[in-house]
Amino acid sequence: MQEPLINNAILVDAAGSGRSLAFVDITPRRRSQLAQLGIVTTLDLLNWLPRRYERFHHGLPVTQIKVGQMVTVQGMVVQTRLHRRRPMRFEALLEDASGRCVLTWFNRRDLADKIKPETLLHAAGKAGIYKGRIQLVQPEIKIVEKMQPALSSDGIEPVYPASADVSKRFIADLLVQHLEECLADVVEWFSEAHLSQRHLMPLRQAYRQLHRPVAMPEIVRAQRTIAYHEIILFQLALEIRRYHQKHSIVAEKLRTDNLVDQRIRALIPFDLTPAQNRVIAELRQDLSQVEPMNRLLQGDVGSGKTVVALYAMLMAVAAGKQAALLAPTELLAEQHYESISQLLSNSRVQIELLTAGVTAAKRADILTRLASGELHMVIGTHALLGNPVEFGHLSLLVVDEQHKFGVHQRAMLRHRYANVHTLVMTATPIPRTLAMTWFGDLDVSTIDGLPPGRHPVSTRKVTGAQLPDVYQYMQQQIRDGRQVYVVAPAIDEGVSELDNVNEVLGDLARHLPAEVRIEPLHSRLSAEQRRRTMDQFRAGRIHMLVSTTIIEVGVDVPNATVMLVRQAERFGLAQLHQLRGRIGRSSLKSVCILCSDDDSDEAKARLDALVKNASGFRVAEEDLRIRGMGEMVGTRQSGMPEFLFPDFLLEIPFLQMTRRDAAAVVGADPHLIAHENIRLRHEVYRRYEATLLLADVA
Ligand code: ADP
Ligand code: MG
């Protein structure tokens with residue numbers, strides 16, 4: 001029996017996500033609008049943190065305002081004007097003792113009824129200049145009864161995220177009025193000594209700093225404090241899961257003697273590189289333990305991960321057990337099946353391909369042989385995960401291109417095959433920071449470098465106008481016996497702004513001589529058609545494939561040396577790197593041409609990152625830098641939890657600290673039941689029980 005990790009009695013005691021905001025005097029309508037933003041309790045309100053801070057110069061005389069400053073001005077409206085022509089614009093001329101400035105709003109017709117000559121108001125915003133006068137565009141205003149004495153001090157003002165219903169101002173006012181009451185509900189998770197050793201502050205103080213800021217350096221320290229608390233929760237969840245895997249789940253030990261090693265190596269037609277040998281040694285070490293292996297193998301495209309996985313699979317077979325290899329697409333599964341069964345053709349290993357494409361009869365036969373244990377190896381897509389698939393004695397599961405599988409699919413796999421050794425592989429290198437977080441519960445092996453004799457692909461950027469030259473170059477390469485890939489973002493003209501395979505085919509046919517054989521490849525062709533095309537391409541009878549990203553993973557045709565990507569800015573950096581991994585798979589020099597007419601800075605920066613960096617690790621790090629951690633982890637599809645301050649996930653020393661701290665806590669108190677850890681336990685389970693399937697271990 002597995003030991004339960006959750007004890008509900010404790011959770012109830014440790015309740016404390018704040019009180020309902022019921023004590024706040026607002027209308028039920030307001031309350032439900034807040035609830036829609038997820039603000040229900042005092043702690044929710046505290047966690048509604050300012051998006052940024054503005055430094056305000058309060059109550060400056062208008063003549064002293066400098067362009068670019070954040071200011072508040074106060075004065076009397078002397079004239080207003082509504083320009084009805086689009087974009088509709090409303091202007092008010094504001095006068096104080098020193099002079100006049102203009103307040104301008106777009107699409108705020110409603111203000112024409114509120115702001116009239118002689119209205120007294122305060123306006124806050126960023127100063128610009130218009131027709132020689134200081135102008136505030138779209139300022140925040142407050143209409144007042146009488147002028148206040150001029151404010152002199154400068155201040156930092158929090159700017160809150162808002163929704164269509166709930167304004168920044170409303171939230172700011174709510175927090176001004178109720179900050180102390182909300183803070184009273186904050187319970188500290190760590191001792192002051194623990195926090196101050198790490199140059200952090202108590203939670204309560206951090207929230208106060210963030211909502212009622214006094215100085216910029218303190219704001220940053222407060223943000224670090226909140227980030228520490230949220231990241232350590234995540235690290236704790238991973239540690240708990242890891243601890244559980246280590247201690248309560250048992251897998252089968254596999255034999256690792258030299259005879260097995262020799263027999264496996266005899267099947268591999270080339271010498272393994274030192275990096276491959278090092279990883280194999282790590283795998284052998286893992287597989288000889290009863291603790292289930294849980295390893296991520298990362299290695300750039302073409303670095304030779306498959307053969308390393310095959311080694312491990314053969315270890316399972318040698319032990320009389322079964323191994324399964326899971327690929328994200330049928331094309332890749334087929335490709336693996338072909339190359340692996342070829343290597344095994346002189347052995348007695350029984351291997352089959354199980355995809356959605358196999359006939360019902362074949363499928364039934366495979367399932368029977370899997371259940372009896374007679375079949376040693378199976379390669380498939382997620383058809384392999386369907387419920388009826390039972391293994392006689394599955395001992396190793398390999399998941400190729402694991403980033404292509406959804407997070408939930410991954411968690412399900414982990415859950416279902418908990419006592420099976422698992423190797424996940426990826427060519428989308430995981431930046432170190434992510435490896436330490438999202439993949440923090442995996443052991444990581446890396447194949448660095450490429451098999452001998454490979455040259456890195458050289459990458460260039462061109463515009464649409466240069467395509468005729470590119471076609472010329474491709475024709476030359478084809479004449480020299482090489483083959484070419486052309487990739488487009490769409491299949492047909494469904495989305496009008498995207499280049500599509502059909503149109504590109506026509507374009508190429510017009511520019512290239514008739515003897516150049518060009519064929520399309522995309523997901524809408526039948527599996528049979530796709531296989532025929534790939535076979536002919538591999539045999540060299542097709543010179544050029546025009547495809548979608550379907551070729552992104554797994555396709556291995558060493559004679560292909562040129563790739564043209566149309567509208568390259570439409571693809572993710574990691575994806576482009578994967579795509580260009582289809583070439584440069586032999587000792588021949590290969591060129592990847594990225595065509596783009598997008599001259600935005602971001603598009604340029606991203607494509608330049610590929611031109612400059614041949615290594616996938618560097619590309620991934622650049623990608624992270626350009627897009628920011630928030631983009632990368634904050635999106636729902638990434639499956640990463642959302643963090644209030646995701647950018648702290650980029651700081652390696654900070655991550656190391658949270659990881660070390662989490663490991664120390666779990667090491668000393670694996671179930672977080674010690675008195676001082678109950679708060680942490682409550683928070684970890686509240687946040688991660690569902691996402692990380694922590695509940696499954698109970
Ligand atoms: P990836 O890591 O991208 O999955 P593959 O496993 O598909 O890469 O390997 C790319 C190519 O390199 C394959 O054709 C494979 O047979 C070949 N290869 C792998 N290891 C070696 C090696 N040590 N020496 C020569 N060729 C190798
Ligand atoms: Mg591969």
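**Exercise 1.** Starting from Thr306, work out which atoms lie beside ligand 1 and describe the surroundings of this ligand.

*Solution.* Begin with Thr306, where a polar side-chain atom lies 2.7 Å from an oxygen atom of ligand 1; the model in which this distance was computed is a predicted one. Next take Lys305, which also places a polar side-chain atom 2.7 Å from an oxygen atom of ligand 1. Now widen the view to the shell of 16 residues around ligand 1, of which Asp271, Gly302, Lys305, Thr306 and Asp556 come nearest. Finally, sort the shell by residue class, which gives four nonpolar, six polar and six charged residues.

**Exercise 2.** Determine how helix α8 is oriented relative to helix α23, and which residues meet where they touch.

*Solution.* Two packed helices are described by the angle between their axes and by the distance between those axes. Here the axes of α8 (residues 216-248) and α23 (residues 678-688) come within 9 Å and cross at roughly 85 degrees. Because angles of 65 to 115 degrees count as roughly perpendicular, α8 is roughly perpendicular to α23. In the contact, Glu230, Leu233, Phe234, Leu236, Ala237 and Ile240 of α8 meet Leu680, Glu683, Val684, Tyr685, Arg687 and Tyr688 of α23.

Technical notes: Residues are numbered from 1 along each chain as its sequence is written. Chains are lettered from A and ligands numbered from 1 in the order in which they are written. This is a predicted model: local features need pLDDT of at least 70, side-chain atom pairs count only at pLDDT 80 or more; totals for chains, interfaces and linings use all residues. Side-chain values use heavy atoms; hydrogens and water are left out. A residue is near a molecule or strand if one of its heavy atoms lies within 4 Å of it. A polar contact is a pair of N or O atoms within 3.5 Å; within protein, one must be able to donate a hydrogen and the other to accept it, and residues adjacent in sequence count only if both atoms are side-chain atoms. Ala, Val, Leu, Ile, Met, Phe, Trp, Tyr, Cys and Pro count as nonpolar, Asp, Glu, Lys and Arg as charged, and the others, Gly among them, as polar. Axes are lines fitted to C-alpha atoms, for helices over the stretch in contact, and angles run from 0 to 180 degrees between N-to-C directions. Helices (H or I, at least four residues) and strands (E, at least two) are DSSP runs, numbered from the N terminus. Angles under 35 degrees count as roughly parallel, over 145 as roughly antiparallel, 65 to 115 as roughly perpendicular and the rest as oblique. Contact means heavy atoms within 4.5 Å.
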